[in-house]
Amino acid sequence: ASEEWTMHGIQDAERQAFYDLWKDCKSIEHVYDEDLTRARWSKMCWNLPFNGISVAMGGITIDLVVGDPGLKRLAYAVIEETIAAANADLESKGADPSTFLGETEKEAMMELSCTMGPYKPSTMLDFTNRRPMEVKYLFRKPLDQANQLNCPVPHLETLVTQIEAFQRMYDLY
């Protein structure tokens, strides 16, 4: 019991340090998550579909992604694949299933995206301005991790294939 209390004490101290660090920052939304794996995958639930589709479509804004029925379905499919990979990863690390990602995160990502208007994701800006794109860590590593977990992600694989092709064509390394 004392070990559990100590862990909670450490987690509470880490959480408080996080909030203290960001308390004066009003312009950036920040959320503490004690599970770094979960937090990374949660962020990828937006980055993979929306950065990915935006670039794979040649550099379109988020309003065009969510405004097109086919692209919106694709975004949902990539979010679902990302959630499946996240949960496989969390399960492989012994996480409590109650912390797995699900419908709440999926709907939150779409609701957020539907309110963004003509937002230009960072990777799309890099692509359209022919600057190096961060493909390895933003797209390739999550895809490889899903494959290592034997989690099928065919829509994500297609997006990554397209993005990597653009990266090679335009030498955006």
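Mentor: Start with this pair: helix 2 passes helix 5 in a right-handed crossing. Keep in mind that this is a predicted model.

Trainee: Which residues of helix 2 and helix 5 make the contact?

Mentor: Helix 2 brings Arg38, Ser42, Cys45, Trp46 and Phe50. Helix 5 brings Glu105, Met109, Met110, Leu112 and Ser113.

Trainee: And by class, what does the contact of helix 2 with helix 5 have?

Mentor: It has 6 nonpolar, 2 polar and 2 charged residues.

Trainee: At what angle do helix 2 and helix 5 pack?

Mentor: About 45°, with the axes 10 Å apart. Helix 2 covers residues 36-56, and helix 5 covers residues 103-114. That angle makes helix 2 oblique to helix 5.

Trainee: Now helix 7 and helix 8. At what angle do their axes cross?

Mentor: Roughly 145°, and the axes come within 10 Å.

Trainee: Is the crossing of helix 7 and helix 8 left-handed or right-handed?

Mentor: Left-handed.

Trainee: Which residues meet there, helix 7 against helix 8?

Mentor: From helix 7, Val135, Phe139, Arg140, Leu143 and Asn147. From helix 8, Leu156, Glu157, Val160, Ile163, Glu164 and Gln167. By class, that contact has 6 nonpolar, 2 polar and 3 charged residues.

Trainee: Switching to Val78. Is Val78 buried or exposed?

Mentor: Buried, because its relative accessibility is 0% and the cut-off for buried is under 20%. Val78 lies in helix 4, residues 69-92.

Trainee: What does Val78 touch, leaving out residues up to four places away in sequence?

Mentor: Leu48, Pro49, His155, Leu156 and Leu159. Leu156 also turns up in the contact of helix 8 with helix 7.

Trainee: How far apart are Val78 and Leu48 in space?

Mentor: 7.1 Å, C-alpha to C-alpha, and they are 30 residues apart in sequence.

Trainee: Last topic, backbone. What is phi for Arg130?

Mentor: Positive, about 55°, although Arg130 is not a glycine. Most residues other than glycine have a negative phi.

Trainee: Where is Arg130?

Mentor: In the loop between helix 6 (122-128) and helix 7. Arg130 counts as partly exposed, at 40% relative accessibility.

Trainee: And what is phi for Asp171?

Mentor: Near 50°, again a positive value in a residue other than glycine. Asp171 sits in the segment after helix 8.

Trainee: Is Asp171 buried or exposed?

Mentor: Exposed, with a relative accessible area of 59%.

Conventions
Residues are numbered from 1 along each chain as its sequence is written. This is a predicted model: local features need pLDDT of at least 70, side-chain atom pairs count only at pLDDT 80 or more; totals for chains, interfaces and linings use all residues. Side-chain values use heavy atoms; hydrogens and water are left out. Axes are lines fitted to C-alpha atoms, for helices over the stretch in contact, and angles run from 0 to 180 degrees between N-to-C directions. Helices (H or I, at least four residues) and strands (E, at least two) are DSSP runs, numbered from the N terminus. A crossing is left-handed if the near helix is turned anticlockwise from the far one by less than a right angle, and right-handed if clockwise. Contact means heavy atoms within 4.5 Å. Ala, Val, Leu, Ile, Met, Phe, Trp, Tyr, Cys and Pro count as nonpolar, Asp, Glu, Lys and Arg as charged, and the others, Gly among them, as polar. Buried means under 20% relative accessible area, exposed over 50%, partly exposed in between (1.4 Å probe, protein chains only). Angles under 35 degrees count as roughly parallel, over 145 as roughly antiparallel, 65 to 115 as roughly perpendicular and the rest as oblique.
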